[in-house]
Amino acid sequence: MNELRKTLRSSLLGAVTFLCASVAWITAASAQPAPAAIQFDAVTHVFRIDAAENTYVLGINENGQLQTLYWGKRLAASDHLGAAKAMPGVSSFDLPVSTTPQEYVGWGGGLFVEPDLKVTFKDGNRDLVLKYVSHTVEADKLSIVMKDISREVYVTLDYRADAETGILRRSARISNRTDAPFTIEQVAAGTWNLPRGTDYRLRYLTGRWAAEWNVQEQLIRPGKTVLESRRGTTGSQNNPWFAIDHNTTSDQDEGGVWFGALGWSGSWQITIEQDMLQQVRVTGGSNAFDFGYVLKPEETFTTPTFYGGYSDHGIGDASRLMHRFEVDSLLPQHPTPKLRRVIYNSWEATAFNVDEAGQTALAEKAASIGVERFVMDDGWFGQRNTDHAGLGDWYVNPQKFPNGLKPLIDKVHSLNMDFGLWVEPEMVNADSDLYRKHPDWVLNFPGRPHTEARNQMVLNLARPDVRAYVFGFLDKLLNENDIAFLKWDYNRNWSEPGWPGIAHDAQKDVYVDFIRNFYSILAELRQKHPNVEIESCSGGGGRVDLGVMQYTDEVWPSDNTDAFDRLLIQNGFTYAYTPAVMMAWVTDSPTWVNQRSLSLEYRFLSSMQGSLGIGANLNKWSPTDLEKAKQMVAQYKSIRETVQRGALYRLITPDRDSEQSVTETVSRDGKQAVAFAFLHSSRELYPFPRILLRGLDESSIYRIRAFAGEVATDTPVQASGSYWMHHGVDVELRGDFQATAFTLTQTNE
Ligand code: GLA
């Protein structure tokens, strides 16, 4: 402990200097949010992070462990938490190492709760006990170094606070300064410890192909809930996001919510555990199943980032904080990512049957209704006439495009649209030149089957030669063609994840190196082609997470484009992710999904809650349909900034058997609000519930305008924010699958 005190004293000077600097920033800042402040109390050994409306406190306890002391609403500057003190154990069975809520704990010393780090050393030792060594504070970043009690294994915990939303970014760096490699068998970015309580409820997202983004709720009880993917990719079965609130709150905008998300597009796990003292901890990182990463001497392993936040205003506000954080601090080109263009995509219209004449005809129609980006989907390359062949052969199919892509691209440009293209770079069909030449490039175990899914196999992107090939063909494609957008697809998960040709004990590195190469290709392409935008798609929403979102401008939430199903899908999506990246196409009716018939207006209103696209066969649309579409696209452009940047309120959530749903979005400047109301099916003559708006300025005057369907005839033309929020609006909706949408615009009259 004396050793510890000495180190602490030497860190004090740095902390004091920083404090003075941060006080100056706070006085200087006015419109800007106050910068995050990080303080260290050298007497109590307590770190305090204040950002936006939140405070996070951790301390070094008498055992040198890092212990969470507080996570929640901002505390007064005068509030000081006492020194961290390890929790008592429970009898001889549960020692303090397990009962103490630690920020980062190695597996060792009798630990039974979920570890953050587990390693095996070459000499057979598997015990790892981490203790505080030192720390640094640099602006909004706190780094704390821990070390094993006897071996030269160092772990640096990084915390970065977002001044605007209070969201913390946490990650860990593990350094091997011993003279032999060791294997990391389990590794997390860190653990979030909640205040002790027994009435917690967990929300999380589940799904499958064409049915992604279901919001699940369950009470947290003793034991563990593991949210995970073992698929080599994010997956849609669980998404790496969680939110926990008290079971007593049911309103969207009330009560405390702790939430978080993992930025990793490989196999991942988030473990929510209520321990023997009814403490809840949430540990997140790489999936431990089949994991193994060999860390050589002098090497450092950096974990993915685990983001965490707190809102005192319910799950609705927790989502709004995530949306804001993603737009302002995470997406490429943050804090001012471009608004999404209205796109046309050919997939549902022409599937693999793309050619110059057919695409040109669609492009002309798309341009006539106001589309801004024309995207040709699958089918343009190699011998890709069905999903049985062609993946891996990224040359333009000469039968379909005898003069290359240039004539089509030129035509699209002449119609005032930019051009986008579908690719699936990490995959190969057995029937392809690439596989015939490089059968060893796929993930495989020698002598074992190469399991196919959608007739394709996964290339081992961890291999340097595969990485070079994938980057090379994409770079060439973008150099040779004027392409503004790539839809990057990924239509299966892993099987037989072997990496023959390298040392046996390093083969599991594939779980990490594959994803790192995926990110590095995206980063390098963006750097070389800064005007190209990219969409992350994985047969729908199978690769949406805060890792890939740092390199991609938008995502495809689901292949399910039924506008009614989409209400549920989009609702779930927005718990974690912003409508600014949520692509939503208007497709044909009846939909291929459910054979359900929906009016064109309904289909537009469903999609206009996200980033609008058209995915229908426009050749089948009547002149009246095209005229209606043109009006709706123009209308969308007038609300686009509000929908993509504003604050989203779920006024009535579309639950599985609900009769209605309503969303509202208020623009950042507060001058416009847009509301979408859907009647799923009316029963027994009940009128639609009155819509009570949120987020308006009570004393400003807003003018209402229905742009689809109608509001009740006795609705005033204009009224105060108070009126719209407390008296509310009636809409005239009867029947099945009906919808109305209106704007409220601030007026000075
Ligand atoms: C996936 C995508 C679709 C489409 C097809 C093409 O299923 O999610 O949107 O691009 O692949 O094969």
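Which residue in S2 does Asp-41 stand opposite?

## An antiparallel sheet

In this predicted model, Asp-41 stands opposite Val-46 of strand S2. Strand S2 spans residues 46-51 and pairs with S1 in the antiparallel sense, the two being joined over five bridges. These two strands belong to an open sheet of four strands, which follow one another in the order S1-S2-S3-S4 with antiparallel pairing.

The edges of the sheet are taken by strand S1 (37-41) and strand S4 (66-73), and because each of them has a single partner strand, one side of each is left without a neighbour in the sheet. From one strand to the next, the twist averages 15°.

## Surroundings of the ligand

The ligand is surrounded by 13 residues, of which the closest are Asp-377, Asp-378, Arg-454, Lys-487 and Asp-559. As for where the ligand is placed, the space that it takes is the largest pocket.

## Polar atoms facing the ligand

Gly-540 takes part through its backbone, one polar atom of which is 3.3 Å from an oxygen atom of the ligand. On its own the ligand has 300 Å² of accessible area, and the protein covers 97% of that area.

Methods. Residues are numbered from 1 along each chain as its sequence is written. This is a predicted model: local features need pLDDT of at least 70, side-chain atom pairs count only at pLDDT 80 or more; totals for chains, interfaces and linings use all residues. Side-chain values use heavy atoms; hydrogens and water are left out. Two strands pair if DSSP finds at least two bridges between them. Axes are lines fitted to C-alpha atoms, for helices over the stretch in contact, and angles run from 0 to 180 degrees between N-to-C directions. A residue is near a molecule or strand if one of its heavy atoms lies within 4 Å of it. A polar contact is a pair of N or O atoms within 3.5 Å; within protein, one must be able to donate a hydrogen and the other to accept it, and residues adjacent in sequence count only if both atoms are side-chain atoms. Accessible areas come from the Shrake-Rupley method with a 1.4 Å probe; for residues, only the protein chains shown count as cover. On a 1 Å grid over the protein atoms alone, a cavity is a set of points where a 1.4 Å probe fits but cannot get out, and a pocket is an open set with protein on both sides within 12 Å along at least five of seven lines; lining residues have an atom within 4 Å of a point. A molecule sits in a cavity or pocket if more than half of its atoms lie within 2 Å of its grid points.
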